[in-house]
Amino acid sequence: MISRSIAAIGVAIVVSLATLTTAAAQSSSDPIGLAALRLRDPTLIGTGVNVAQVEAGGFSFEVNPAAVEQRESLFTWISSSGTATTFPNSIGGESGHANEVGRNFYGQNGGVAPGVQHVDNYEAGYFYNNFIAGQKDIGVRIVNQSFIFSTATAADQRALNAVYDRYVVTWNTIFVSGVGNGGSPNPPATAYNGIAVAAFGGASSVGPTGDGRSKPDITAPAGATSFSTPLVSGAAGILVQAGNRDDGGIGTAAHAVDARTVKALLLNGAVKPADWFHTTTSPLDPRYGAGILNVNQSHLQLQGGEHSFSAMSATTATPPAGPDVESLVGWDYGFIETPTVRRGFTVTAPSKTHHYYFTLTGEQPYTLTSTLTWFGRYDIGTNSTVLNNLDLVLLRMSDNTQQAISASTVDNVEHLFVNGLTPGRYALQVVKQGSLTQVSSDETYAVAFAFTAVPEPSSMLLLVAGTLALAGRRRRP
């Protein structure tokens, strides 16, 4: 049993969506790219995806189906008092907080994923003690956690992280958790293998974590993180639906819906606010993570398809021969090894590099956004999460010069955001650093990438002028 207190994070949505005007290419009328996605494909609503909503509040933890305009049969309510399939019931009471979270997650009027197949609504203490700590399969793909363990010490936090990380490795569940509304990020959002969500334009915790890692992973618009979190959970539901129907390419469903792939695509589709920044060793912005959720861009990158690496070598310099990746936008679900080598009395564990080759054509500059994710693993000896060390590198092949690198030694996400790339051939490199202290000789990873041509200023002005002129003609009777 846990003795830590569990607190809901936020009580009301108070943010104006107009605050999003600072984010380039993000519209205040479509703050997370949902309208653009539905315009392209109105069937992407989370169909067929089982989800869970975990709520703090003791007895009062339940979503009222009428409050989210959903049928009663969509829900199962679960607490230490039992399980119910009708509402109201004797195992818990209605929660206004749960209703607000549900509206953003799967509500029929404005929810991101109103077509989810089923919602298991858990009371948080019972959920953690009986399922997560017990490592029992709950049979859902996505879990929304708009609560925090508010009294966790540093040791508590390490243990909580490890329990969640072990669960994800075992069951490949996608946990989406709010970081809290102030101070540094709180568990369970601090788990390595989950997706930690901040609130854009509202009260939110700011990274890094107490042990120096990059959290949050992503942000979404809301007055508090309780309500930004279900926007990301809904987006994850859309990507899982799309992946299951092979939007990422024929036969790619198993790879596309993996927790690593969904996380990489969500982070890589995010839009950067004007003041976004990161460093070589801190891959994500301490306030925004990878940026502001844009589910449309994440889905477009999923549709770019799964593409294997072009070549493999032991070093990042002088890449070997290999073909170009077929698309400038896409992803891969890869497996990389750095086995221990014994030569007489000498034992080494060399690094291994997977090279993805791209040729940028034309005369305009390009921007690269790329995200690499992998799992942290549970170490029973220390009751903590341990990592293999992977890096993400961009190399210009004409002169073998490094253009950018993300090389954190404490995170299991790496992220590149590079502007002003001139046309030419490049190698995007996933590097597994070998050492005799590596956690394992093999690692499975997901990488998402998007090379985007940037129009010249004059071309952008012409485009705007042409659009305005066309709009003017359409207004005439």
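This is a dialogue about reading a predicted model of one protein chain.

Student: Where do I begin, and how many helices and strands are there in the protein chain?

Tutor: Begin with the inventory, keeping in mind that the model is predicted. The protein chain holds 9 helices and 25 strands.

Student: What share of the 477 residues is buried?

Tutor: Buried residues account for 56% of them. The accessible surface of the chain comes to about 18,300 Å², and 55% of that belongs to carbon and sulfur atoms.

Student: Let's look at a sheet. What is the order of strands in the open sheet of 5?

Tutor: First the general idea: strands of a sheet pair through backbone hydrogen bonds, in either a parallel or an antiparallel way. Here the order is E13-E17-E24-E21-E22, and the pairing is antiparallel.

Student: Which strands stand at the edges?

Tutor: Those are E13 (311-313) and E22 (401-406). Each has a single partner strand, so one side of each is left without a neighbour in the sheet. Neighbouring strands in this sheet are turned by 25° against each other on average, direction ignored.

Student: How many bridges join E17 and E24?

Tutor: Strand E17 (residues 352-360) and strand E24 (residues 424-432) pair in the antiparallel sense over 9 bridges.

Student: Now a helix, please. Is H3 mostly covered or mostly uncovered?

Tutor: Helix H3 (residues 124-132) is mostly covered, with 7 of its 9 residues buried. They are Ala124, Gly125, Phe127, Tyr128, Asn129, Phe131 and Ile132.

Student: What caps the N-terminal end of H3?

Tutor: Glu123 does, through a side-chain oxygen 3.0 Å from the backbone nitrogen of Gly125. You can look for a cap on helix H8 as well: a side-chain oxygen of Asn294 lies 3.2 Å from the backbone nitrogen of Asn296, at the N-terminal end of H8.

Student: Which residues of H8 are buried, and what covers them?

Tutor: Helix H8 runs over residues 295-303, and Val295, Asn296, Ser298, His299, Gln301 and Leu302 are buried. Their cover includes helices H1 (34-40), H5 (225-244), H6 (253-256) and H7 (259-269), together with strands E14 (329-337) and E25 (442-453). Just after H8, look at Gly305, which takes a positive phi of about 95°.

Student: Can we zoom in on single residues? Where is Ala196 placed?

Tutor: Ala196 lies in strand E11 (residues 195-200). Its relative accessible area is 0%, so Ala196 counts as buried. Beyond residues up to four places away in sequence, Ala196 touches Ser177, Val179, Ala189, Lys215, Pro216, Asp217 and Ile218. Pro216 is 20 residues from Ala196 along the chain, yet their C-alpha atoms are separated by 4.8 Å.

Student: Why does Ser384 count as buried?

Tutor: Ser384 has 15% relative accessibility, and buried means under 20%, so Ser384 qualifies. Ser384 belongs to strand E20 (residues 384-386).

Student: What does the side chain of Ser384 make a polar contact with?

Tutor: The partner is the side chain of Thr382, at 2.5 Å. Leaving aside neighbours within four places in sequence, Ser384 is also in contact with Arg158, Ala162, Arg377, Tyr378 and Asp379.

Conventions: Residues numbered from 1 in each chain as written. Predicted model: local features only at pLDDT ≥ 70, side-chain atom pairs only at ≥ 80, totals over all residues. Heavy atoms only, no water. Pairing = 2+ DSSP bridges. Helix = DSSP H or I, 4+ residues; strand = E, 2+ residues; numbered from the N terminus. Axes fitted to C-alpha atoms, helices over the stretch in contact; angles between N-to-C directions. Buried < 20%, exposed > 50% of the residue type's maximum accessible area, 1.4 Å probe, protein only. Polar contact = N/O pair within 3.5 Å; in protein donor to acceptor, adjacent residues only side chain to side chain. Contact = heavy atoms within 4.5 Å. Areas by Shrake-Rupley, 256 points an atom, 1.4 Å probe, with all protein chains shown as cover.
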